[in-house]
Amino acid sequence: MVATRSRTSMGSSGHGSLASGDGTDKGQVFHKGVAISMWQNSGDDDSNWTNFIKSNFPFKALPFGFNRFSGKHSVLQSCPDTWNRYEEDVELAVKAGCNALRLSIEWARIEPRKGQIDMDAVARYHAMLDAMEAAGVEPNATLHHFTHPQWFEDLGGFEKAENIQHFVAWSLKAVELFGSRITFWATFNEPTVSSSSSNNSRKLATSVLTMR
């Protein structure tokens with residue numbers, strides 16, 4: 001679950017107030033919602049995680065989650081498919097009493113090849129935002145939910161300082177494409193998980209996110 005407050009509710013002290021009685025003032029709305037990773041819900045074709053689970057990595061048989069990526073349990077073959085069933089998911093969120101939904105804007109879907117923007121993917125995200133807007137659901141976007149394009153991984157990912165410019169460029173592009181419709185943004189999902197698991201055990205597909 002995610003809970004956020006509109007920035008317009010912040011006073012000069014930096015503290016926001018909770019929902020007003022009727023909840024009509026957006027500046028006073030307390031946001032309660034659900035969260036999804038687009039890759040974990042729908043897979044993709046061009047991310048580092050997709051490349052990872054297609055490989056013969058040595059952890060598939062271990063009983064802590066990786067076995068779900070093999071055979072009939074592969075997210076690439078059987079998944080909730082939010083990418084195509086987003087309207088149903090928004091409806092389910094509303095039925096659960098939510099007025100917010102956190103989703104990942106997948107870099108690998110928007111820029112599957114370096115410098116090439118997939119406008120069909122952009123349009124699909126706008127369709128998701130349309131569905132949320134129609135349902136009165138506030139979007140909360142994550143820029144990096146463990147996955148990134150394989151081309152970025154091939155360059156060395158976050159382990160090379162010279163690659164950070166690519167992530168910065170991606171972040172700016174995401175705001176350019178969707179910033180007029182999204183108020184709340186998260187940069188990294190669980191950065192400590194990504195960095196510690198990748199660096200210490202290499203059991204996660206993501207490159208190291210160096211924590212300083």
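Accessible areas come from the Shrake-Rupley method with a 1.4 Å probe, and for residues only the protein chains shown count as cover. The structure is a predicted model, in which local features need pLDDT of at least 70 and side-chain atom pairs count only at pLDDT 80 or more, while totals for chains, interfaces and linings use all residues. Residues are numbered from 1 along each chain as its sequence is written, and side-chain values use heavy atoms, with hydrogens and water left out.

The secondary structure comes to 8 helices and 5 strands, where helices (H or I, at least four residues) and strands (E, at least two) are DSSP runs numbered from the N terminus. Along the sequence the pattern reads β-β-α-α-α-β-α-α-β-α-α-β-α. Of the 212 residues, 44% are buried; buried means under 20% relative accessible area, exposed over 50%, and partly exposed in between (1.4 Å probe, protein chains only). Among contacts (heavy atoms within 4.5 Å) with a separation of 6 or more, 71% join residues 24 or more positions apart.

Just after the helix, Gly-136 takes a positive phi of about 75°.

Helix H7 (residues 164-178) also holds Leu-172, which is exposed at a relative accessible area of 59%. Together with Ile-164 and Val-168, Leu-172 makes a nonpolar surface patch of about 260 Å². An α-helix has 3.6 residues a turn, so residues three or four places apart point the same way. By contrast, Thr-50 in helix H2 (residues 48-54) is buried at 1% relative accessibility. The side chain of Thr-50 is joined to that of Trp-39 by a polar contact of 3.0 Å.

Asn-189 sits in the loop between strand E5 (184-188) and helix H8 (191-201), and is buried with a relative accessible area of 7%. Leaving aside neighbours within four places in sequence, Asn-189 is in contact with Arg-102, Thr-142, His-144, His-145 and Phe-146. With the side chain of His-145, the side chain of Asn-189 makes a polar contact of 3.1 Å. Asn-189 and Ser-37 are 152 residues apart in sequence, yet 9.3 Å apart in space, C-alpha to C-alpha.

Phe-146, one of the contacts of Asn-189, belongs to the loop between E4 and helix H6 (150-154). Phe-146 is buried, with a relative accessible area of 8%, and has a positive phi near 75°. Asp-81, in the loop between H2 and H3, likewise has a positive phi, of about 65°, although it is not a glycine.

Notes: Patches are made of residues with over 30% relative accessible area and no salt bridge: like charges are joined within 9 Å, nonpolar side chains (Val, Leu, Ile, Met, Phe, Trp, Tyr) within 5 Å. A salt bridge is a side-chain nitrogen of Lys or Arg within 4 Å of a carboxyl oxygen of Asp or Glu. A polar contact is a pair of N or O atoms within 3.5 Å; within protein, one must be able to donate a hydrogen and the other to accept it, and residues adjacent in sequence count only if both atoms are side-chain atoms.
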